[in-house]
Amino acid sequence: MSRILFFALLAFLAWLWFFKKPARNKSEKSKPAEPAVERIVQCAECGLRLPEGEALFSDAQYFCCPEHRDAHDSRV
């Protein structure tokens, strides 16, 4: 009787190993994509580097704040 239980347990473990392994691969594939990396630009006035989304764009140049944009425009 103990042999039957041993082989039944062995068959159950083999079944778990074969059928649970692909389920882990599915969960790994469903990981969310990494967020996109934002481009870093440099302020034309002071040289500060900041993300493009936070920069001000004027005359084909990036600025970190309105004061630097106005200072650059007053000299040009």
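R39 is partly exposed in this predicted model, with a relative accessible area of 49%. Its salt-bridge partner is E52, and the closest N and O atoms of the two sit 3.4 Å apart.

Another brings the side chains of E45 and R75 together, at 2.2 Å from N to O. Here again distant stretches of the chain are linked, with E45 in the loop between β1 and β2 and R75 in helix α2 (residues 66–75), 30 residues apart. The relative accessible area of E45 is 29%, so this residue falls in the partly exposed class. R75, on the other hand, reaches 58% and therefore counts as exposed. R69 and D70 make a salt bridge as well, their closest N and O atoms being 3.5 Å apart. R69 is partly exposed, with a relative accessible area of 26%, and D70 is also partly exposed, at 43%.

Turning to the aromatic side chains, the structure holds five aromatic pairs. In one of them, W15 and F19 adopt a tilted arrangement, with 5.6 Å between the ring centres and 45 degrees between the planes. These two residues are four apart in helix α1, which means that about one helical turn separates them. W15 is partly exposed, with 44% relative accessible area, whereas F19, at 55%, is exposed. W17 and F18 form an edge-to-face pair, 5.0 Å from centre to centre and with 70 degrees between the planes. Both W17 and F18 are exposed. Ring pairs also join F12 with W15 and F19 in a cluster.

What makes up the nonpolar surface patch of about 830 Å²? The contributors are L9, F12, L13, W15, W17, F18 and F19. With a relative accessible area of 46%, L13 is partly exposed, and it can belong to the patch because membership requires over 30% relative accessible area and no salt bridge.

Methods. Residues numbered from 1 in each chain as written. Predicted model: local features only at pLDDT ≥ 70, side-chain atom pairs only at ≥ 80, totals over all residues. Heavy atoms only, no water. Patch = residues over 30% accessible without salt bridge, like charges linked within 9 Å, V, L, I, M, F, W, Y side chains within 5 Å. Areas by Shrake-Rupley, 256 points an atom, 1.4 Å probe, with all protein chains shown as cover. Salt bridge = Lys/Arg side-chain N within 4 Å of Asp/Glu carboxyl O. Buried < 20%, exposed > 50% of the residue type's maximum accessible area, 1.4 Å probe, protein only. Phe/Tyr/Trp six-rings, centres within 6.5 Å; stacked < 30°, edge-to-face > 60°.
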